[in-house]
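Take a look at the chain below. This report starts with the terms, then turns to the whole chain and a few of its parts.

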Amino acid sequence: MEIAVIGTGYVGLVSGACFADSGNRVTCVDIDAAKVEALCRGEVPIYEPGLEEMVKHNLSVHRLMFTTDLASAVEPAEVVYLAVGTPQGDDGSADLSALWKVVEQIAPHLQKDAVLVTKSTVPVGTNARIYGMLKELTGRDCEVASNPEFLKEGAAIDDFVKPDRVVVGVRSDRAADVLRQLYEPFLRTEHPFLVMTPESAEMTKYVANALLATKISFINEMANLCERMGGDINDVRRGIGHDSRIGFAFLFPGVGYGGSCFPKDVRALSAMATDLGVEPRILLAVDEVNTCQKQVMIEKLDKHFGGKLSGKTIAIWGLAFKPRTDDIREAPALVLIDHLLEEGAKVQVHDPEAMDNVRKIYGNKITLCDLEMEALAGADALCIMTEWNDYKRPDWDEMASLLRAPVIFDGRNLYEPERMQSRGFTYYSVGRPGV
């Protein structure tokens, strides 16, 4: 098929590359000329395993193109994907201003039989509004579908080509058939292609993310309780995870969730509920628990140092909100860095992929180290904020020799407390007995 993808952010770029890799001709559009020029050279602006190689390959065989010219991409397209940003507004709701602008720009160039598909995460009712706008602008009924994405950063390509399910919200059998053909190469393992109304599809995206966020906030709250009761959250997690009704996914305690999806989507769904007169008690609690959880590491540091962090040197391993990405949006590590700087501490950090993004925020206010061990030199303690594989099997003797004091605050429970204590480390973790 001839496909246009409007927006080359995370979702648009991954979707465009994967559609091209399955044999379609894809043109991705963005208003950022410098970004488009870089993409035309095969330079990918985000870190996502396998994405750069996929983009370069499909550029070389002329199945994937990038342009700033929206009209040239939309006019020949059988399917047009909207993948523009929908950032959080001041009231927590999604800001759709960029989306409405794109719909207006697309209208004069949309083929009569083209299917316009919303891939962006949008409030329930957006599809209907787009349909109404296009009818007013074109004078005809246009096919408008919803196709929410369920991509995990760090595993997005695998999620796209081997989806658990594909959800589409449509108003006609023809739109469903077009999208079924498009996704057919990715559904050969009998995973379902779920057809529903646009409103249900829009809701599915928010409910999925809100439920996953709820599991994280719940296990974090139980971890904090375990610490005070002398229990071990890892034992508790195993005890409940083998119940088939519960499972193990998203039940790993830590220092809170971040990223571009969970925080924004929980708040947007909460705002939608409030607008409709429904009090979102659970959603508000999930967000509040997560905000508080980002303070857990700060509380542990303050207690250990007696509230005297000024003049201390703190090393941080892990800046991205999760491993296998360079995304630092709402990352717990940034909350910690801000607190340490406010208290007058010196901060030395390392991350395998997120260093450039952090440098843009803090500049020379912190020390960015190319190697994880460099960050430990002369530090009074180490805080682990992201569970990168690079940190799971360190040289303990080298760590002890570099740290001014052998103190570790493990926000991701990478190590076993008993072993750490036997190695001579003062070791703090989340939801487990220790110091």
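## A helix and its cover

Contact here means heavy atoms within 4.5 Å. Buried means under 20% relative accessible area. Keep both terms in mind. The model is predicted.

Start with helix α10, which spans residues 233-241. Four residues in this helix are named as buried: Ile233, Asn234, Arg237 and Gly241. Seen down the axis of α10, the buried residues fall within an arc of 100 degrees, so they line one face of the helix. What covers them? The cover of the buried residues of α10 includes helix α9, residues 198-229.

## The whole chain

Now step back. The secondary structure of the protein chain comes to 17 helices and 14 strands. The radius of gyration is 24 Å, close to the 22 Å that the globule rule gives for 435 residues, so the chain is as compact as a globular protein of that length. Along the principal axes, the C-alpha atoms fill a box of roughly 70 × 45 × 40 Å.

How much of the chain is buried? Of the 435 residues, 53% count as buried.

## Surface and charge

The protein chain exposes about 19400 Å². Carbon and sulfur atoms supply 51% of that area.

Next, the charges. The chain has 46 positive side chains and 64 negative ones. The centres of the two sets lie 2 Å apart.

## Asp287

Asp287 is found in helix α12, residues 281-293. Is Asp287 buried or exposed? Its relative accessible area is 18%. The cut-off for buried is under 20%. Asp287 is therefore buried.

Which residues does Asp287 touch? Leaving out residues up to four places away in sequence, Asp287 touches Tyr257, Val266 and Arg267.

## Arg180

Arg180 lies in helix α8, residues 173-183. Its relative accessible area is 36%.

How far is Arg180 from Ser401 in space? The two are 59 Å apart, C-alpha to C-alpha. In sequence, Arg180 and Ser401 are 221 residues apart.

Key
Residues numbered from 1 in each chain as written. Predicted model: local features only at pLDDT ≥ 70, side-chain atom pairs only at ≥ 80, totals over all residues. Heavy atoms only, no water. Helix = DSSP H or I, 4+ residues; strand = E, 2+ residues; numbered from the N terminus. Rg over C-alpha atoms; globule rule 2.2 N^0.38 Å. Buried < 20%, exposed > 50% of the residue type's maximum accessible area, 1.4 Å probe, protein only. Areas by Shrake-Rupley, 256 points an atom, 1.4 Å probe, with all protein chains shown as cover. Lys, Arg positive; Asp, Glu negative; His and termini not counted. Charge placed at Lys NZ, Arg CZ, Asp CG, Glu CD. Arc of directions from axis to C-beta.
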